[in-house]
Every structure is written in C-alpha cells, then in structure tokens.
Amino acid sequence: MSSSTGENDAELKSLTWNLSEKRFRSCHRRCSEFGDFNIVRTTLQIADAHLRRKNYDEALVKYEVISQTPTNISHEVRARACHGIGVVHMRKHEVGLSRLAFESSIKHLSLSDSGRCSLNIAESYYCLGLVLRTSCREADKDVCLRSFLSALEVRRYVLGCDNLLVAETLTIIGTMHLERNEQVEAYQAFSEAKRIEILNGRMQTPFDPRIGKKSFSCSPRRRSIAARDSNDSWMFAASAA
C-alpha cells in the first residue's frame, strides 16, 4: 500500500469517526442532524475525500444527501454539494447529469450575495464550459463560450488580471475562438494569456496565426495560486477537467 493511499484511508476514517461523534451530540441535543452545520460540513469533507480517491458512488451519495435535504441550509452549502455531484458525473462522462448539477450550483450561488462573485461560482462556470465542449449542438457551444467568459470575469475580479487561473481561462477561450474561425479574438486571448504566463515566470511558445495553434498551454496549480482568503475553496474540482 502506498503512503498516499494510507493517508487517504486515515483521513476517511478520521472524518467518519468525527461525523459519528457529531451525530451523537446532535441526537442528545434533540435537533435535526442536518440542522447542525458541523455535521453538514463533515459530510461534505467525507464526500470530497471519496472524490479524491475516485470512490464516485460513495461521494455521490454524500453529496446528494446534502443537496436534497429538506432542512434550511444555505445556498452556498447546497451549491457546493451540487458542484460535487457535477464533478462526479463529469468524471463518469455523464454529460447531461453533470450539466444539470453545475447549473444548479450556479443558480444557488447566484442567489447568495457572497456567492455570485466568488471563486466557487467561477469554478462551476468553468466546469460547465468543459462539459458543454463535448456537445455537438451549436446552441451548447454558444453557452459553453459564455460560461468560460463568465468564469473569466469572476476570476479577474477576485484574483486580479495577472493570475495564472485567468491565463488558463483565456487559453481555453482562445481555443474556442480558433475553433469558430475567429482569428482576431483567438489571437487576443492567447496573447493576453502569454503575457500573464511570462509575468509569472512560465514561458511558452507564442500563438502563431499562420498555423492556428500554440505548442504549449499552461496548466496552473490551483491550490498555490488561488486567493488566500477564499473560504472553503472548491479547487479540488478543477482537477476533474
């Protein structure tokens, strides 16, 4: 057994024990267990741990428990569960189900004052765009581009114009413009992405309009470049792309 597998097992056991203890305390207080934020949070952490281990069925069960619970939990919590459901279905290549889940996540966050301009909604927009890129429908391609543009707008607002996540978004937007034969827009997006990557010490081959492609694209490490004040960031989800 590898050390990483052992660490993951230990994490799951610890979280499961923690959840059992919180349920016991909640029962003694005679309150609904999902009215207890600590139980909800631990359940989400267990779901995230299953997702990292690729235990998709177990992760899905935990996320759905949160998303479908009738008690009064916040839009942000429901959105996080819906986003997790979307990631599970995306990794299982279930396009329709993942699209519905990401759209639900965006809807919940849009109803929250803090959610509509957060990295979390940007992540849901970005993942929705990735899902829609597999569609052959022209209408879906338009929604796909709008999703990436929405992710770009929020990431610029939260992280600033020189962050590598902004460069990543610009790169995929440039690729989409190229696929639509929109050469000027593609060049502008790739050029701005290149500027950011050079600024951050990541050189790459420039976009060549003669051949219509770049030889290298940046794949930033989200955990190291996300906003430090991002609360309960969902950056785990982007690795599913």
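Among contacts in the chain between residues at least 6 apart in sequence, what percentage join residues at least 24 apart? The points below begin with that figure and then turn to individual helices, loops and side chains.

1. Overall organisation. The model is predicted. Of the contacts in the chain between residues at least 6 apart in sequence, 58% join residues at least 24 apart. The chain contains 10 helices and zero strands, so the order of elements from the N terminus reads α-α-α-α-α-α-α-α-α-α.

2. Burial and surface. The chain has 241 residues, and buried residues account for 47% of them. Its accessible surface is about 12900 Å², with 51% of that area belonging to carbon and sulfur atoms.

3. Helix α5. This helix has 16 residues, which should span 22 Å at 1.5 Å a residue; the C-alpha atoms at its ends are 22 Å apart, in agreement with that value. Its buried residues are Ser98, Ala101, Phe102, Ser105, Ile106, His108 and Leu109. Viewed down the helix axis, these buried residues fall within an arc of 165°, and they therefore line one face of α5. The face of α5 turned away from the buried side carries Leu100 and Lys107, which are exposed. The cover over the buried residues of α5 includes α4 and α6.

4. Helix α9. Residues 183-199 form this helix of 17 residues, and the distance from its first C-alpha to its last is 24 Å, close to the 24 Å expected at 1.5 Å a residue. Ala186, Ala189, Phe190, Ala193, Ile196 and Glu197 are buried in α9. Seen along the axis, the buried residues of α9 keep within an arc of 120°, so they line one face of the helix. Val184, Gln188 and Leu199 are exposed on the other side of α9. The partner against which the buried residues of α9 pack is α8 (164-179). After α9 comes Gly201, with a positive phi near 80°.

5. The aromatic pair. How many aromatic pairs does the chain contain? The count is one aromatic pair. The pair consists of Tyr126 and Phe148, whose ring centres are 5.4 Å apart and whose planes stand at 70°, so the arrangement is edge-to-face. Tyr126 belongs to helix α6 (residues 119-132) and Phe148 to helix α7 (residues 138-159), so the pair ties together parts that are 22 residues apart in sequence. Both residues, Tyr126 and Phe148, are buried.

6. Most residues other than glycine have a negative phi. Lys54 is not a glycine, yet its phi is positive, at about 65°. Lys54 is located in the loop between α2 (37-52) and α3 (56-68), and its relative accessibility of 59% places it among exposed residues. His93 likewise is not a glycine and has a positive phi, of about 60°. The loop between α4 (75-91) and α5 (95-110) holds His93, which counts as exposed at 71% relative accessibility. His89. Is this residue buried or exposed? His89, found in helix α4, is buried, with a relative accessible area of 7%. Apart from its neighbours within four places in sequence, His89 is in contact with Leu60, Glu94, Leu97 and Ser98.

7. Phe37. This residue lies in helix α2 and counts as partly exposed, at 48% relative accessibility. Phe37 and Val77 are 40 residues apart in sequence, while their C-alpha atoms are 9.5 Å apart in space.

Methods
Residues are numbered from 1 along each chain as its sequence is written. Side-chain values use heavy atoms; hydrogens and water are left out. Helices (H or I, at least four residues) and strands (E, at least two) are DSSP runs, numbered from the N terminus. The expected span of a helix is 1.5 Å times one less than its number of residues. Buried means under 20% relative accessible area, exposed over 50%, partly exposed in between (1.4 Å probe, protein chains only). The arc is that of the directions from the helix axis to the C-beta atoms. Contact means heavy atoms within 4.5 Å. Accessible areas come from the Shrake-Rupley method with a 1.4 Å probe; for residues, only the protein chains shown count as cover. Rings of Phe, Tyr and Trp (its six-membered ring) pair if their centres lie within 6.5 Å; planes under 30 degrees apart count as stacked, over 60 as edge-to-face and the rest as tilted.
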